[in-house]
Amino acid sequence: GGGGSGGGGGGGRSAPACAIYFGFSYTVNVAMGGSEGSKGREILNSAIRAVPADRIMIESDVSSDHDTHRACARAVGLVATARGWSYEHAAITTARNGMAFLRHSAASIGIAEEAG
């Protein structure tokens, strides 16, 4: 019986796990009504706290190479403050998550990880 999509009759294969990560940007998230002490900032902080620690990343959301470091540093500070983490812990955690995201993305399209 019956419909469904996909081939084969239950050969034990399942769809690959989907790794979802959430990136936060000081440039965009704070500019969209998240100034310190505002309701928007509390909503933003709640959203940051709701993301599992192993799925949170930061983004610069700037187009200038000159501004990238500053924007990323501010995003790390945003995450650290919202989660009650030290700046260093937030930086290490988001960097580790970024690398995991890249490894997962590369593997999902068949790019082998280079040694070293």
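Helix H3 covers residues 65-83, and its length checks out: at 1.5 Å a residue, its 19 residues should span 27 Å, and the end C-alpha atoms sit 28 Å apart, which agrees. The expected span here is 1.5 Å times one less than the number of residues. Helices (H or I, at least four residues) and strands (E, at least two) are DSSP runs, numbered from the N terminus.

This is a predicted model, where local features need pLDDT of at least 70 and side-chain atom pairs count only at pLDDT 80 or more, while totals for chains, interfaces and linings use all residues. Residues are numbered from 1 along each chain as its sequence is written, and side-chain values use heavy atoms, with hydrogens and water left out.

After the helix comes Gly-84, with a positive phi near 75 degrees.

Which residues of H3 are buried? They are Ala-71, Ala-75, Val-76, Gly-77, Leu-78, Val-79, Ala-80 and Ala-82. Buried means under 20% relative accessible area, exposed means over 50%, and partly exposed is in between (1.4 Å probe, protein chains only). The buried residues of H3 pack against strand S1 (22-24), helix H1 (26-30), helix H2 (39-50), strand S2 (56-58) and helix H4 (87-108).

Setting aside neighbours within four places in sequence, Val-76 is in contact (heavy atoms within 4.5 Å) with Ile-58, Tyr-87, Ala-90, Ala-91 and Thr-94. Val-76 and Tyr-26 are 50 residues apart in sequence, yet 8.4 Å apart in space, C-alpha to C-alpha.

H2 crosses H3: their axes come within 9 Å and cross at roughly 85 degrees. That makes H2 roughly perpendicular to H3, a label that applies from 65 to 115 degrees, with under 35 counting as roughly parallel, over 145 as roughly antiparallel and the rest as oblique. The axes are lines fitted to C-alpha atoms, for helices over the stretch in contact, and angles run from 0 to 180 degrees between N-to-C directions. On the H2 side, Arg-41, Leu-44, Asn-45, Ile-48 and Arg-49 meet Leu-78, Val-79, Ala-82 and Arg-83 of H3. The side chain of Arg-41 also makes a polar contact with the side chain of Glu-36, at 2.8 Å.

The loop between S2 and H3 holds Asp-61 and Val-62. Asp-61 has a positive phi of about 50 degrees although it is not a glycine. Most residues other than glycine have a negative phi. As for Val-62, its C-alpha atom is separated by 7.4 Å from that of Thr-27, 35 residues apart along the chain. Val-62 is also in contact with Asp-67, Thr-68 and Ala-71, among others.

Here is how the residues discussed compare in accessibility.

| Residue | Relative accessible area | Class |
|---|---|---|
| Arg-41 | 8% | buried |
| Val-76 | 7% | buried |
| Asp-61 | 37% | partly exposed |
| Val-62 | 29% | partly exposed |

Zooming out, the protein chain has four helices and two strands, in the order β-α-α-β-α-α along the sequence. Of its 116 residues, 24% count as buried. Among contacts between residues at least 6 apart in sequence, 62% join residues at least 24 apart.

Definitions and conventions. A polar contact is a pair of N or O atoms within 3.5 Å; within protein, one must be able to donate a hydrogen and the other to accept it, and residues adjacent in sequence count only if both atoms are side-chain atoms.
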